[in-house]
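This report describes how the elements of one protein fold are arranged and how selected residues sit among them. Please keep the sequence and the structure in view while reading.

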Amino acid sequence: MKAVLEAFAKLFTPPGGLAGGRLSLPSQTGAADACLAATLSNPNRIVLVVTDGLPEADRVVDDLRVLTADTPIRVMEFPPLLDGDRSALGLRIKTIAALRSWSLSPYPMVVVASFPAFIAPLRLSRNSGPLR
């Protein structure tokens, strides 16, 4: 799959470069969003993919895992926190820890979150406040 990413990278030129550090391209078809995220990733930047909902986020994560299997790109999930879902809480904490430690040893990373998960605060328990 590395060859697919290399071919995509040759054909893709970000509009106006990435001077501002942000790129918004809605409505990508098929695995184009995953190819784009993988192409943009490098050790000097973290790529954040925010989708409309959980099904789209799961699809992008699955596509990224297939496309980046033989590359050093790390794919992280940031799922929505559902009541009593400890595995989602664990993934959220794992992603936050990876983001916090990234500056110590940068590597290519893509974080995928649905919009509801992205805007929801991270709470360790019902009685605790948001994690900062």
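A residue is called buried here if its relative accessible area is under 20%, exposed if over 50%, and partly exposed in between, with a 1.4 Å probe and protein chains only. Helices (H or I, at least four residues) and strands (E, at least two) are DSSP runs, numbered from the N terminus. The model is predicted, and for this reason local features need pLDDT of at least 70 and side-chain atom pairs count only at pLDDT 80 or more, whereas totals for chains, interfaces and linings use all residues. Residues are numbered from 1 along each chain as its sequence is written, and side-chain values use heavy atoms, with hydrogens and water left out.

## Overall make-up

The protein has 5 helices and 3 strands, and along the sequence these follow the pattern α-α-β-α-β-α-β-α. Of the 132 residues in the protein, 33% are buried. Contact means heavy atoms within 4.5 Å; among contacts between residues at least 6 apart in sequence, 71% join residues at least 24 apart.

## The sheet

Two strands are taken to pair if DSSP finds at least two bridges between them. Strands of a sheet in general pair through backbone hydrogen bonds, either parallel or antiparallel. In this model, 3 strands form an open sheet in the order β1-β3-β2, with parallel pairing. Strands β1 and β2 stand at the edges with a single partner strand each, so one side of each is left without a neighbour in the sheet. Direction ignored, neighbouring strands of this sheet are turned by 20° against each other on average, where axes are lines fitted to C-alpha atoms (for helices over the stretch in contact) and angles run from 0 to 180 degrees between N-to-C directions.

Strand β1 (residues 46-51) has a covered face made of Val47, Val49 and Thr51, and an uncovered face made of Ile46, Leu48 and Val50. Strand β1 pairs with strand β3 (residues 109-114) in the parallel sense over 6 bridges, while β2 is joined to β3 by 5 bridges, and these two strands also run parallel. Val110 of β3 takes part on both sides: Val47 stands opposite Val110, and Val110 is also the bridge partner of Val75. Helix α4 (residues 86-101) packs on the sheet, touching β1, β2 and β3, and its direction makes about 130° with that of β2.

Within helix α4 lies Thr95, which is buried, with a relative accessible area of 1%. Not counting residues up to four places away in sequence, Thr95 touches Met76, Glu77, Phe78 and Val111.

The buried residues are Ala32, Asp33, Ala34, Cys35, Leu36, Ala37, Ala38 and Leu40.

Two packed helices are described by the angle between their axes and the distance between the axes. For α2 and α3, the angle is about 55° and the axes are 9 Å apart. That makes α2 oblique to α3, given that angles under 35 degrees count as roughly parallel, over 145 as roughly antiparallel, 65 to 115 as roughly perpendicular and the rest as oblique. The crossing of α2 past α3 is right-handed, a term used if the near helix is turned clockwise from the far one by less than a right angle, with left-handed used if it is turned anticlockwise. In this packing, Asp33, Ala34, Cys35, Ala37 and Ala38 in α2 meet Arg59, Val60, Asp63, Leu64 and Leu67 in α3.

## Selected residues in and after α3

Arg59 touches Gly30, Ala31 and Asp33, not counting residues up to four places away in sequence.

| Residue pair | Separation along the chain | C-alpha separation |
|---|---|---|
| Asp58 and Ser114 | 56 residues | 8.8 Å |
| Arg59 and Gly30 | 29 residues | 9.4 Å |

At 34% relative accessibility, Asp58 counts as partly exposed, and Arg59 is likewise partly exposed, with a relative accessible area of 30%.

Thr71 lies in the loop between α3 (54-67) and β2 (74-78) and, at 17% relative accessibility, counts as buried. The side chain of Thr71 reaches the backbone oxygen of Thr68 at 2.9 Å; a polar contact is a pair of N or O atoms within 3.5 Å, where, within protein, one must be able to donate a hydrogen and the other to accept it, and residues adjacent in sequence count only if both atoms are side-chain atoms.
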